Amino acid sequence: MKACLFEAKEKFVISDIKKPVPQKDEVLIRVKAAGICGTDIHILKGEYFSDFPLVAGHEFSGEVVEVGEEVTQFQPGDRVTADPNIFCDKCYFCKINKNNHCLDSHVIGVTQNGAFAEYVAVSEKGVFHIPDHLSYSEAALAEPLACVVYGVRRSGIKPGEKVLIFGAGAIGLLLMSLLKISGASQVIMVDISQKKLDFAKKMGASEVILNNAEGEKKLKAIAPFGFELVADATGSPRVMERELQFVEPDGTFLVFGVAPIGDMMKVEPYDIFRRDIHIVGSYAVKKTMQYSINLLASGKIQVKNLISSTYSLEDFERGIQDFYHDPDHMKIQIIP
Ligand SMILES: [Zn+2]
Ligand SMILES: [Zn+2]
């Protein structure tokens, strides 16, 4: 089958590799849509915990074409998406319901071959049905939305609170949409791209502000004491350093964007102490996939407009170029 193989740091090729054979507990999926995520870029740059060679791609949807002998819930023809985090269900953390910290987890597209290919094999544990009225492209956003569902839960948002989000890409907009229906009274978005901000405004942001010194002054004027929740969806430590000042006393700073492993940010511990700041991380998905699918199926979260471009597997390079060089890009998907 055709696949995009990450061979080494900054090096990938479209090549013919062996089509996966589903193991006893696995479902073989013909990939219909697979999103390019910031994590894929970290993997490609060697800034993540993956090894080469690897077929990346962890947010996808497709059609079941074959099932292993122990699979009971799926059959060929089923429309599905997947939670790429396959937990062992046996280790210390799995037993105390902290599955996203599983000591023996496998992540499709990160530690084992993923969906930038014609076919991907996934343990039945991670596979989910999708309703007929969701397109494959929409369903391929179920995984990032599942991460956002977990992040919003972690944020502890309460009715009426004010929210500030840095980063108006696809993830920032998903955060905005979900925080709004979770009770936020206003969600303000900050980005360096005016085009992204215009789009965020159209998608329902209360206010949008360009990320510069002038923008910081505006934020201070809007909320002199800060925001109950400030969420980062940029993954840039340099930007994050500037974000903490906008957290209201006893408010929360949600580290949602993925920064490169090893990069540091400057924090003044006295400030965290003096202003009772909560710093909260949010790693991946914790059994939130079904809720994400429910939100997409109900239409409460709209993702169709978040897809800014689609490319064939052969044109993977163009998708990566968009990611690097088009500051206005939203979700880029590969349609194998
Ligand atoms: Zn991702
Ligand atoms: Zn485990």
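Which handedness does the β-α-β unit made by strand 11, helix 6 and strand 12 have? In this predicted model, the unit that runs through strand 11, helix 6 (residues 194–202) and strand 12 is right-handed. Its two strands, strand 11 (residues 186–191) and strand 12 (residues 207–210), run parallel and are joined by four bridges, and one bridge pairs aspartate 191 with leucine 210 of strand 12.

Helix 7 (residues 213–222) has Gly215, Glu216 and Leu219 as buried residues. Because these buried residues fall within an arc of 100 degrees when seen down the axis of helix 7, they line one face of the helix. They pack against strand 11 and strand 12, and also against strand 10 (162–166), strand 13 (227–232) and helix 8 (237–243). On the face of helix 7 that is turned away from the buried side, the exposed residues are Ala213, Lys217 and Ala221.

The model also holds a zinc ion (ligand 2), coordinated at 2.3 to 2.4 Å by the SG atoms of Cys88, Cys91, Cys94 and Cys102. Along the chain, these donors follow the spacing C-x2-C-x2-C-x7-C. The arrangement around the zinc ion (ligand 2) is tetrahedral because its four donor atoms subtend angles of 103 to 117 degrees; for four tetrahedral donors, the ideal angle at a metal is 109.5 degrees.

| Residue | Relative accessible area | Class |
|---|---|---|
| Cysteine 88 | 15% | buried |
| Cysteine 91 | 12% | buried |

Both entries count as buried because their values, 15% for cysteine 88 and 12% for cysteine 91, lie under 20% relative accessible area.

Terms used. Residues numbered from 1 in each chain as written. Chains lettered and ligands numbered in written order. Predicted model: local features only at pLDDT ≥ 70, side-chain atom pairs only at ≥ 80, totals over all residues. Heavy atoms only, no water. Donors = N, O, S within 2.8 Å, 3.2 Å for Na, K, Ca; no water. Tetrahedral: all angles 85-135°; square planar, octahedral: opposite > 155°, others 65-115°. Buried < 20%, exposed > 50% of the residue type's maximum accessible area, 1.4 Å probe, protein only. Pairing = 2+ DSSP bridges. Right-handed = clockwise from strand over helix to strand, strands pointing away. Arc of directions from axis to C-beta. Contact = heavy atoms within 4.5 Å.
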